[in-house]
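Subject: Structure handover and findings

Hello,

Please find the structure below. My notes on it follow, with cut-offs given where a term comes up.

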Amino acid sequence: MNDDKLILGGKAFSSRFILGSGKYSLSLIEAAVRDAGAEIITLAVRRANTKEHENILDYIPENITLLPNTSGARTAEEAVRIARLARELGCGDFVKVEIMRDSKYLLPDNNETVKATEILAKEGFVVLPYMYPDLYAARDLVNAGAAAVMPLASPIGSNKGLATKEFIQILIDEIDLPVIVDAGIGRPSQACEAMEMGAAAIMANTALATAGDLPLMAAAFKAAIEAGRKAYLAKPGRVLTRGASASDPLTGFLHN
Amino acid sequence: MENSFFVDSEKLSPAAREKKHRLENDPSFRTDHMEYMDGMEIIRSDICEKVMSQVRNYDYKQYTARDVLAALRHETCSVEDFKALLSPAAEPYLEQMAHRAKAETGKHFGNTVYLFTPLYIANYCENYCVYCGFNCYNDIRRMKLTMEQIDHEMKIIADSGMEEILILTGESRVKSSVEYIGEACKLARKYFRMVGLEIYPVNTDEYRYLHECGADYVTVFQETYDSDKYETLHLMGHKRVWPYRFDAQERALMGGMRGVAFSALLGLSDFRKDALASAMHVYYLQRKYPHAEMSLSCPRLRPIINNDKINPLDVHETQLCQVLCAYRIFLPFVGITVSSRESESFRNGIVKIAATKVSAGVSTGIGDHESKYTGKESDSAEGDEQFEINDDRSFDKMYRDMSQEGLQPVLNDYLYV
């Protein structure tokens, strides 16, 4: 198990929990690092674009890998500009591409995301694109040079869990990059389920931020993600969807 | 009870006084408020018809407690549900509405509250809007800041810690030209991360120019969506043209602005219908421009210089709270701004339920930030205020108070790209 690392952009991570950027506070970051074991923390460049009061950059411990995101971008061009700004701000080479042209549901635009990924990957960024779980788009992202794909489980902030489960499973089966499930994971059990399916990591924010006891929920996510990962590596036993299975093989006569 | 708005200044010439009285008393003396004036761009849009057909058919008396409870049970609030939540039948369920609204606000905005401040750079106005302190017949000290004065004001505001500014003018193209406002936006970009505008409505190409100057958010209040009532309140000037004002947000989005803000001035007409119209205006424009950011405000009538009797009639704090909860439940993703027209206690309460943005360190006068922020006697002239504010908390005080309420004050969540 100790050798089981998440590799992103040539960097190895022991933790498979990534903190998202939606609802920030100092206590959330503390709990994510201390209790959930997060080694990667997302930050919205637009929120870091502040002068003095409460700059979230000041909250983030030094040994943590920053994952700046391009939230606020409505086109590939805007996302590229925000990514470059993040690099200038000293946030490193990781970038989570988020492009939304919908202010109501905040659903990602896969077409623009592919375009931005291609440009940024060529510029040496480690690009983690947030996407709607569509197989064609995922393949295009692979070809564009993405370091992982990040399909959404359900609408962002909704805590509704794996609404897109079947489609995420297709990506896990068909895409050779880490599949990081992002957005909509509301409970540790849902995170565990995604990990059992073969997801490489889980990104969450609201699930922790809106919990009654933040550190306790962070610890629950850590345990759930680890359990799901172990189960995946252990290769789960079969699950019957209907009926029972005869213990005498039907083709037994062939061997008589 | 209606407000009595008409006040005659002793300084008016006999001719001006006579014209004012004719405007007030003789509807045939007034221009057609549905007719565009020269230079006003007409866009092809179906938004107005969609919004107004909802409002025309809205009979809020027909809704019952059963409709309200059903609305609160539904996971997604339909237009019909929203109409029930705005109705008098919903008033006894305000506490339940507040709980639902709080949950929706939390889902979309967490526990954040955004802070901003307005900066009035000129108070000249060519309109006679009877309830407004800036109206052209009101005897107030008029002023327009020079670029040096604007720079000075902005520096004082920026030094206080504020990162978002809303630039306002009176509605006078002659005194406050689009170019003048554009230059102010360029200055503002030096000091602030986010620059919004609340100025007279302009054409699409002018919004594009202002966007290029650095502005990215446009606020236009329709005042009242009841065009017949509007006609009796906006007696003269460009602002009298109701449909040109209605389409302002759409022109702003066509001109490339990131976001737009809406409101009726509650207390001018039937507030439930005006609240419905404001929200439907957001709803339909959001469907047409899904990338745009939208926000709602909820100003109520306030006293002005030379008329301290003006009040918001039947829109008490309870009704305002109901409107805001209904907005939040129907449009969970939109920003809601509550201005310093409202009291400290109301604002402290409503930010925990539905509001996402409050102003602080507010002056609605011209060129008086130095005296207001530092207490230093100003050696230059100051222009009078548009209306009396209620909550006069400074930026620092508001920041502390919001933190103490358990909220996280946010000064900027925005990039100009």
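By class, how many nonpolar, polar and charged residues does the lining of the second largest cavity have? The lining has 7 nonpolar, 3 polar and 1 charged residues. In this classification, Ala, Val, Leu, Ile, Met, Phe, Trp, Tyr, Cys and Pro count as nonpolar, Asp, Glu, Lys and Arg as charged, and the others, Gly among them, as polar.

Conventions come next. This is a predicted model, where local features need pLDDT of at least 70 and side-chain atom pairs count only at pLDDT 80 or more, while totals for chains, interfaces and linings use all residues. Residues are numbered from 1 along each chain as its sequence is written, chains are lettered from A and ligands numbered from 1 in the order in which they are written, and side-chain values use heavy atoms, leaving out hydrogens and water.

Cavities and pockets

The search uses a 1 Å grid over the protein atoms alone: a cavity is a set of points where a 1.4 Å probe fits but cannot get out, a pocket is an open set with protein on both sides within 12 Å along at least five of seven lines, and lining residues have an atom within 4 Å of a point. Grid points are joined across faces, edges and corners, and a volume is the space filled by probe spheres set on the points.

Over the whole structure, 3 cavities of 30 Å³ or more are found. The second largest cavity has a volume of about 70 Å³. Its lining residues include Phe5(B), Phe6(B), Val7(B), Lys20(B), Tyr128(B) and Ile304(B).

The second largest pocket holds about 530 Å³ of space. Its lining is made up of 26 residues, and Ala209(A), Thr210(A), Gly106(B), Gly110(B) and Asn111(B) lie nearest the centre. At least two lining residues each come from α1 (26-34) and α8 (206-209) of chain A and from α5 (94-109) of chain B. α5(B) gives the largest share, 5 residues. By class, this pocket lining has 7 nonpolar, 14 polar and 5 charged residues. Helices (H or I, at least four residues) and strands (E, at least two) are DSSP runs, numbered from the N terminus.

Helix packing

Two packed helices are described by the angle between their axes and the distance between the axes. Axes are lines fitted to C-alpha atoms, for helices over the stretch in contact, and angles run from 0 to 180 degrees between N-to-C directions. A crossing is left-handed if the near helix is turned anticlockwise from the far one by less than a right angle, and right-handed if clockwise. Contact means heavy atoms within 4.5 Å.

- α1(A) packs with α9(A) (residues 214-233) at an angle of about 35°, with axes 8 Å apart, and the crossing is right-handed. Ser27(A), Leu28(A), Ala31(A) and Arg34(A) of α1(A) make the contact with Leu214(A), Pro215(A) and Ala218(A) of α9(A). These residues divide into 5 nonpolar, 1 polar and 1 charged.
- α5(A) (residues 135-144) and α6(A) (residues 165-174) have axes that come within 10 Å and cross at roughly 35°, in a right-handed crossing. Leu135(A), Ala138(A) and Arg139(A) of α5(A) meet Ile170(A), Leu171(A) and Glu174(A) of α6(A). This contact has 4 nonpolar, no polar and 2 charged residues.
- α2(B) (residues 47-56) and α12(B) (residues 271-288) have axes that come within 9 Å and cross at roughly 145°; the crossing is right-handed. Among the contact residues are Ile47(B) and Val51(B) of α2(B) and Leu276(B) and Met280(B) of α12(B). The contact has 8 nonpolar, 2 polar and 4 charged residues.

Burial and backbone

Buried means under 20% relative accessible area, exposed over 50%, and partly exposed in between (1.4 Å probe, protein chains only). In α16(B) (residues 395-404), Phe395(B), Met398(B), Tyr399(B), Asp401(B) and Met402(B) are buried. They pack against β1 (112-122), α14 (344-350), β10 (357-359) and β11 (408-410) of chain B. Just after α16(B), Gly406(B) takes a positive phi of about 90°.

Leu106(A) is not a glycine, but has a positive phi of about 55°. It is found in the loop between β6 (94-97) and α4 (110-122) of chain A. Leu106(A) counts as partly exposed because its relative accessible area is 34%. Not counting residues up to four places away in sequence, Leu106(A) touches Met100(A), Tyr130(A) and Ile156(A).

Glu223(B), also a residue other than glycine, has a positive phi near 70°. Glu223(B) lies in strand β5 (residues 217-223) of chain B and is buried, with a relative accessible area of 7%.

Regards
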